[in-house]
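This report reviews a structural model for a reader who works with coordinates. The sequence and the model are shown first, and the commentary comes after them.

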Amino acid sequence: MSIEKLSRLPMFRSVPADALADLLQRAPAQRHPPGTILFRQGDEADDAVLLVDGLLEVSVRTAQQTRAVGTIRPGEVAGEQGLFVRGGERNASVVVRQPSLTLRLTPGLLLAGRQNPAVVAVEQHLIATLARRVRSTNLAIQKAWKEEARLRAAAAPPPGAPTFRDRLMSLFGMR
Amino acid sequence: MNSMQLVPVARTLLRAHSARGARPEELAEALSAGKPRRLEDGVVLCREGEPSDILYVLLRGDVRVTRNDSEGTPRELAILSAPALIGHMGLVDGSARSATCTARGDTGLLALDAPTFRATLGRPDGAGAALRHLILASLIHQLSTANDKVRDLIEQAEPAPSAVPAAKKRRVQEDDVLKLAGVLDGWSVDTSDLDDDIEFVEDEDSRRTREARNRNR
């Protein structure tokens, strides 16, 4: 994989080429055909991937079914829990949907590369991404609760209107 | 503040967040850029809705975290015990303070202002990496704990308001939602069962200020 391809990802736009070359050397690119399972729910989480090109699908298995809950696009990281939290399990499976190019990120790589601006950029990108996810989840829950409060206040709630529980299930991919 | 004094605090924070790949000595170095502060019982550290401009590290004592419900009544979200991070979300994403924090008893903190926090977060060295990894572990913890709480809530909640409540089912209350929001905002890390022996060492400036205040009473 070329450094030019990597430098087109927004998180690396201000990262010097030699830092990207160093990252590529430490985390060699891997190609995956559609259908490849990158992470399986319940497995030990000890690494992550940065998607450079392609499309990944995230799915969650419940007692009743397996349900797709999102996609990972170029410039996004999948499986980050394994990099920063000790002893965690995969809380979702990740499958390749379109031919994909990834960089494998490991705790060892982050440790060895912490003076590399490309590694700093990946970590700062992840902080921003996770903070957005926290905030949007919180907003969605508050919105669902306001809707519930409005329905409770109504003299006669419309029959079959979704409850707060229904909205939470939908929000968290449980139905 | 001397970074060596902060190593036990850093170690406990990393353990409480199950953070991997960060060294306590390096996190202590990152935190040592903060300025020590002391609060007496009942003093408000930050108020819900105010701009977030400082990250606090609770070194000693407890802090009560409250948020107003829809009627404006303060509801308790958590009691944080030292050591704990306070206010990192606002510095990370620019959002306002999500809750009001009030000192319970004599409290010691470190205050890292926004420019210092952001500069440290971007450092290409061990101290920068340690702070990034702590924040990342905290964000991951916030999301996964919220996920667990939502599953519990769904399990406990009535399927529909009109249905006859089944055994052990209940109606979701605003308090449940406030607590869930508190988890997402990072108020759920509990360090109370970690038995690290943390001794808060008062710096010279704080000691003089406290003694002067006591003399003037």
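The sections below treat confidence, the overall form of one chain, the contact between chains, and selected local features.

**Confidence**

The model is predicted, not experimental. For the complex, the predictor reports an ipTM of 0.87 together with a pTM of 0.84. The mean pLDDT of chain B is 84, and 82% of its residues score at least 70. Within chain B, helix α2 (residues 24-31) has the highest confidence, with a mean of 96, whereas helix α7 (residues 204-216) has the lowest, with a mean of 62. The pLDDT falls below 50 over residues 197-201 of chain B.

**Chain A as a whole**

Chain A contains six helices and six strands. Along the sequence these elements follow the order α-α-β-β-β-β-β-α-β-α-α-α. Taken along the principal axes, the C-alpha atoms of chain A occupy a box of roughly 65 × 30 × 30 Å. Chain A has 175 residues, of which 49% count as buried. Among contacts in chain A with a separation of 6 or more, 69% come from residues 24 or more positions apart.

**The interface**

Contact between the two chains involves 39 residues of chain A and 45 residues of chain B. About 3,900 Å² is buried between chain A and chain B, with carbon and sulfur atoms giving 66% of this area. On the side of chain A, the residues that lose the most area to chain B are Arg114(A), Ile127(A) and Arg165(A), which together make up 18% of what that side buries.

Strand β6 (residues 100-113) of chain B is mostly covered, with 10 of its 14 residues buried.

| Strand of chain B | Sense relative to β6(B) | Bridges |
|---|---|---|
| β1 (residues 35-39) | antiparallel | five bridges |
| β2 (residues 44-46) | antiparallel | two bridges |
| β3 (residues 54-68) | antiparallel | 11 bridges |

Pro36(B) has Leu110(B) in β6(B) as its bridge partner. Val44(B) stands opposite Thr102(B) in β6(B). Tyr56(B) is bridged to Ala111(B) in β6(B).

Leu58(B) is located in strand β3 of chain B. Leu58(B) counts as buried because its relative accessibility is 0%, and the cut-off for buried is under 20%. Leaving aside residues up to four places away in sequence, Leu58(B) touches Val63(B), Leu80(B), Ser81(B), Ala82(B), Pro83(B), Ala84(B), Ile86(B), Thr107(B), Gly108(B) and Leu109(B). By contrast, Lys149(B) is 91 residues from Leu58(B) along the chain, and their C-alpha atoms are separated by 25 Å.

Two of the residues that Leu58(B) touches, Ala82(B) and Pro83(B), are joined by a cis peptide bond, with omega near 0°. Pro83(B) belongs to the loop between β4 (74-81) and β5 (84-86) of chain B.

**Ser18(B)**

A further backbone feature occurs at Ser18(B), which has a positive phi of about 50° although it is not a glycine. Ser18(B) sits in the loop between α1 (7-16) and α2 of chain B. With a relative accessibility of 30%, Ser18(B) counts as partly exposed, since that class spans the range between 20% and 50%.

**The covered side of helix α4 in chain B**

Which residues of helix α4 (residues 114-121) of chain B are buried? They are Ala114(B), Phe117(B), Thr120(B) and Leu121(B). These residues cover an arc of only 135° around the axis, so they lie on the same side of α4(B). An α-helix has 3.6 residues a turn, so residues three or four places apart point the same way.

The cover over the buried residues of α4(B) draws on both chains. From chain A it includes α5 (117-153). From chain B it includes α2, β3, α3 (88-93), β6 and α5 (126-156).

Technical notes:
Residues numbered from 1 in each chain as written. Chains lettered and ligands numbered in written order. Predicted model: local features only at pLDDT ≥ 70, side-chain atom pairs only at ≥ 80, totals over all residues. Heavy atoms only, no water. pLDDT = per-residue confidence, 0-100. Helix = DSSP H or I, 4+ residues; strand = E, 2+ residues; numbered from the N terminus. Contact = heavy atoms within 4.5 Å. Buried < 20%, exposed > 50% of the residue type's maximum accessible area, 1.4 Å probe, protein only. Pairing = 2+ DSSP bridges. Arc of directions from axis to C-beta. Buried area = accessible area lost by both parts, 1.4 Å probe.
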